[in-house]
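The following report concerns a structure whose sequence and coordinates are shown below. Please read the text with both in view.

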Amino acid sequence: MTLTASESPAPPLPAPPPARRGAARRAWRTVSPYAYLAPFFTLFAAFGLFPLIYTAFVSLYRVELQTPGDMEWRGLGNYTALLADEYFWLSLRNTFTIGVLSTVPQLVMALGLAHLLNYRMRGRTFLRTAVLLPYATSVAAATLVFAQLFGRDFGLINYALGLVGIDPVDWQNGTVASQIAVSTVVIWRWTGYNALIYLAGMQSIPDELYEAAAMDGASRWRQFFHVTLPGLRPTILFTVIVSTIGATQLFGEPLLLEGSISGGISHQYQTLGLYMYEQGWGFFHLGRAAAIAWVMFLLIVVLVGLNALIARRRSRKEAGR
Amino acid sequence: MPIARAAATTTVRRAVARLGAVALTGALLAACGGASDGASTDGAGGGVTLTVDLFGSFGYKEAGLYAEYEKLHPGVTIKQTDTEDEADYWKSLQTRLAGGAGLADVQGIEVGRIASVTQQQSDRFEDLRKYGAETLKDQFAPAKWAAATGKGGEVLGLGTDVGPEAMCYRTDLFKQAGLPTDRTQLAEKWATWDGYLALGKQYKAKAPAKSAWLDSVGSLYSIMIGQQKERYYDASGKLIWEDNPALRTAWDHSVQAAQDGLSAKLDQWSPQWNQAFAAGSFATIPCPAWMLGYIKGQAGDTGKGKWDVAALPGGAGNWGGSYLSVPKAAKHKKEAYELIKWLTAPEQQTRLFEKQGNFPSATGAIAKVAAAKDPYFSGAPIGQIFGDAAKAAPVQVLGVHDQNIAQQITNALSEVERKGTSPEKAWSNAKKGVENTIG
């Protein structure tokens, strides 16, 4: 025993360079992923995590942009004030209604488009590229063009409505009308993007399923419902989550529709993102803006969690079937 | 006690605050950085690039003043950026001030914001006394000079123009509606605001299709409130707007105009408002002197000779006017001071008025422009009309939140105008809006 014990430290000695190189290599192998990931996480810490935490810190104070040196402790005061703030609830409601008005038609239309693009036809690649074009346009450019189209006095849409005898609609000041106008821009920009994602999902559905369904005499329509939709479920979940996050953060389109930070003269299309901007950069209440930012963040976390929960329950049900 | 806590950790907190402000403004800075990094071109051959950041229409470029300054000072290049809406401009200026970067060498300040500069931000702008500005004091109207002076006597900006008020109108539309077009006759008819609104009803009865009496009730309110000495604050700095009878009168008249359907329901500074200048959507627009340049820009050559200017109903008033300031974070402070000193000198102010209509705040220039006429506005004697208004205009009490309160009231008036909201409901909305703004 003692012999072996004294011998045991020996092996490292006679096997010098290869083993050491091996150890270094092994060490590098464990460390290198971290090294490769480090730039991302450093950047994330600086531009993601720090602002997040600092925003939470600011949200507990009364801070004005014009006098950022004087911070007055408010505790949760900024948050409780939001609960009593009529404009906050209004913007929350607007965010929800605009979210539904834009997300639902957008995803339904994207599904239909993807289904059509999935057919064998002439110029398919061109059409597939073309649906992505709106997504490549900048929000600012797109919204400014739509703002012109939706103009009350000189807009093309009201002109067209006039041809069929409908009175001009005040697209900026009407509550429903203005929300439809904002949603239209969102739908226009994102439908093609979602369609391409659905298309990618559709192509991973094996052809045999369709062939089998066709052999069973299922029409194209039934194939869509019974083969395509179930096969796309994970893709649909992804687009729903991404669209929910996008809808909760909606900002550029309502801001640029008429360049109003209050979302119209009576806040009729002010979203949460816009309300945060108005508080922070319109009225310079940085503390309140920070509180709104955190509420938005928590809201997104809850919504995404809810989505995931529903999805998991569904798949569990399916597995149990 | 927050005060005790603050005292204990002021330096730490200030450092954190600055860091935070930088983080919060990062995105905006990235967007603005490009405009102001003229530094890289400096030094080569002793050249200096001065950046000037303004809003609305100061008209320096249009009047050829930059070109002349560059000729007089070889090696100096002037680059101007311009935001149409002052509210947007102020927002981005505040963000850059908080971050302490991305600022131009010269920044324009609207008179409605100057109280915020002197009371809250005097440490972020250069005290121009450093460069000898106090010798310029006698050049300017006393009220104009005083408004840009901080508590410690620091001079934080040099006055550009003032905004004596008048009424601009379209003679061609007046003719079509069978109204007189002579400016003295009109001034008599609309000696009071009630007279102006009554004439509006006459216009409406016979007006060409799709043409309203005035552009928006917001601009009616703005021009009427400009006739008051005290508006939102009293001289002691107390908020008085809710109980201010003068403000209520302006409100009531604007509501009346909205309910009588006299306005084209436009939003000032919006693209639609801009389009309406050329389209003839309205026959009159309350116009401070600086609006003349704006009208020329929007209505273009086709509007030449169709417009005219008459004295304002209800007496003289002042709406707007600006200052030029040099931020502490400017790259070329001394050169910037030389530039704003030249731009605000009486000779340049005179020329600016003759070309663009911006009325001088330099006392020496006011006498010089008395005879000025503007061919674009049917040869109206603008020197005399605006000069009389400037002499009689009240010295206004300025407050930190003037612009924001005005915006909330204008929004509420627009609700009456465009959505048929009851005036009582709109007034309570304005109250809520103001609380939200200041709160």
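Axes are lines fitted to C-alpha atoms, for helices over the stretch in contact, and the angle between two N-to-C directions runs from 0 to 180 degrees. Helices (H or I, at least four residues) and strands (E, at least two) are DSSP runs numbered from the N terminus. Two packed helices are described by the angle between their axes and the distance between the axes.

This is a predicted model, in which local features need pLDDT of at least 70 and side-chain atom pairs count only at pLDDT 80 or more, while totals for chains, interfaces and linings use all residues. Residues are numbered from 1 along each chain as its sequence is written, chains are lettered from A and ligands numbered from 1 in the order in which they are written, and side-chain values use heavy atoms, with hydrogens and water left out.

**Confidence**

The predictor assigns the complex an ipTM of 0.82 and a pTM of 0.85. Chain B has a mean pLDDT of 89, and 90% of its residues reach 70 or more; pLDDT is the predictor's confidence in each residue, from 0 to 100. Over residues 1-44 of chain B, however, pLDDT stays under 50.

**Helix packing in chain B**

Helix α10(B) packs against two helices, α11(B) and α18(B).

| Helix pair | Residues | Angle | Axis distance |
|---|---|---|---|
| α10(B) and α11(B) | 217-225 and 245-259 | about 155° | 9 Å |
| α10(B) and α18(B) | 217-225 and 402-419 | about 140° | 9 Å |

What is the angle between α10(B) and α18(B)? It is about 140°, which makes α10(B) oblique to α18(B). Angles under 35 degrees count as roughly parallel, over 145 as roughly antiparallel, 65 to 115 as roughly perpendicular and the rest as oblique. The crossing of this pair is right-handed, meaning that the near helix is turned clockwise from the far one by less than a right angle. B:V217, B:G218 and B:Y221 of α10(B) meet B:I409, B:T410, B:L413 and B:E417 of α18(B), where contact means heavy atoms within 4.5 Å.

The angle of about 155° between α10(B) and α11(B) makes these helices roughly antiparallel. Their crossing is also right-handed. Among the α10(B) residues that meet α11(B) are B:L220 and B:M224, and the α11(B) side includes B:W251 and B:H253.

**Annotation of chain A**

An unreviewed UniProt entry lists residues 92-307 of chain A as "domain: ABC transmembrane type-1". In the model this span is 75% helix and 0% strand, and its end C-alpha atoms lie 19 Å apart.

Methods. UniProt positions renumbered as here; feature names shortened; annotations may be inferred.
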